[in-house]
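Me: I'm new to this one and would like a close look at a single spot. Could you walk me through it and then show me the surroundings?

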Amino acid sequence: MEIVRDVAGVRAAIAEARAAASSPLRVGLVPTMGAFHGGHLSLIRAARTSCDLVVVWLFVNPTQFNDAADLTGYPRDEARDAELATAAGADLLFAPEVAEVYPDGYATTITVSGVADVLEGSHRPGHFAGVATVVAKMLNMVQPDVAFFGAKDAQQVAVVRRMITDLNLAVVVEVCPTVREPDGLAMSSRNVRLDPDQRRRATALSRALSAAKAAVDQGERSATSLTAIIDAVLAADGLTAEYIAVVDPSTFAPIDELDGPALVALAVPVGPVRLIDNLEVAP
Ligand code: AMP
């Protein structure tokens, strides 16, 4: 696997591969912020399965962090990431410096309305503008045929889909299921910052979502009741959610009474980190 630092380099490598191929090359892009875990690797493997050339983007994007301490404390280990990406089947690791992505005088930001204004959008001001802008930039830099995202960040997927449609970007989005630890905790780069007690209590997020799903399976339809069920599971472990929401999976509009598929999403501070998780439920 080759490591590339600049846009010219990644474009040249892709152009060379396209020119050498006897049939049209399917290029897959896996956008990440590094500190790889099983979730990232599942996206790289999915790209490897369905694409001819797999480009992994590794960039801790400063503009999507609304909390300076979160950015400073964000785990980074490029050497380990490069080894894991190689083993998972990546062909190129595109790991630019901040100045390569945001050149001097940089003055353009993409703002998605509606779906980006709620939940993560309202609790992390500026977050989705940072995400939409960097995703648009990387899609332009790499020009992949397919981009792979994780269902763990369901609202990010909805925001990116909205932007791709609105800006007529020629890329297909593939969404891969959330990869979990054996005890249910959704894998996240931030999990390494949990101490053993916080790590144990963090399983309350997935247990709460499973309890909500079980309630729906038994006939519960009220979002207020599902929220109360989740709240109680979290409270038993001394946790309080920043938000618990039952929303339409594509628009993120709130749902009061379930009459079709819905996404149950939550954000919960656990010690030094803020964890998010979600689960799709259907009556
Ligand atoms: P990040 O490095 O956290 O920005 O994540 C990069 C990509 O990996 C995003 O599309 C995430 O949704 C995805 N991802 C993160 N955690 C998981 C997980 N546990 N399972 C599946 N995909 C994940």
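Leaving aside its neighbours within four places in sequence, which residues is R201 in contact with?

Reply: Keep in mind that this is a predicted model. Once the neighbours within four places in sequence are set aside, R201 is in contact with R207, D237, G238 and L239. With D237 there's a polar contact to look for: the side chain of R201 reaches the backbone oxygen of D237 at 3.0 Å. To find your way there, look for helix α9, which covers residues 196–201 and holds R201. Is R201 buried or exposed? R201 counts as buried because its relative accessibility is 17%, and the cut-off for buried is under 20%.

In general, nonpolar side chains in soluble globular proteins tend to be buried together. The largest nonpolar core here has 49 residues, and those with the most contacts inside it are I14, V55, W57, F94, V134, V135 and F252. Helix α7, residues 127–142, provides the largest share of this core, with ten residues. Pick V55 if you want to see what one of these residues touches: not counting residues up to four places away in sequence, V55 touches V10, I14, V27, G28, L29, V30, L92, F94 and V142. There is also a second, separate core of 29 residues, and A204, A223, L234 and L266 are among them.

Next, have a look at the ligand. There are 17 residues around the ligand, and M33, H40, D153, V179 and M187 come nearest. By kind, the shell has eight nonpolar, seven polar and two charged residues. Three elements each supply at least two residues of that shell: β2 (27–32), α2 (38–50) and β5 (146–150). Of the shell's contributors, α2 gives the most, with three residues.

A polar backbone atom of M33 is 2.9 Å from an oxygen atom of the ligand. For G150, a polar backbone atom is likewise 2.9 Å from an oxygen atom of the ligand. With V179, a nitrogen atom of the ligand is 2.8 Å from a polar backbone atom. As for cover, the ligand on its own has 480 Å² of accessible area, and the protein covers 93% of that.

So much for the tour; back to your spot. R201 sits in helix α9, with its side chain reaching the backbone oxygen of D237.

Definitions and conventions:
Residues are numbered from 1 along each chain as its sequence is written. This is a predicted model: local features need pLDDT of at least 70, side-chain atom pairs count only at pLDDT 80 or more; totals for chains, interfaces and linings use all residues. Side-chain values use heavy atoms; hydrogens and water are left out. A nonpolar core is a set of buried Ala, Val, Leu, Ile, Met, Phe, Trp, Tyr and Cys residues joined through side-chain atoms within 4.5 Å. Buried means under 20% relative accessible area, exposed over 50%, partly exposed in between (1.4 Å probe, protein chains only). Helices (H or I, at least four residues) and strands (E, at least two) are DSSP runs, numbered from the N terminus. Contact means heavy atoms within 4.5 Å. A residue is near a molecule or strand if one of its heavy atoms lies within 4 Å of it. A polar contact is a pair of N or O atoms within 3.5 Å; within protein, one must be able to donate a hydrogen and the other to accept it, and residues adjacent in sequence count only if both atoms are side-chain atoms. Accessible areas come from the Shrake-Rupley method with a 1.4 Å probe; for residues, only the protein chains shown count as cover. Ala, Val, Leu, Ile, Met, Phe, Trp, Tyr, Cys and Pro count as nonpolar, Asp, Glu, Lys and Arg as charged, and the others, Gly among them, as polar.
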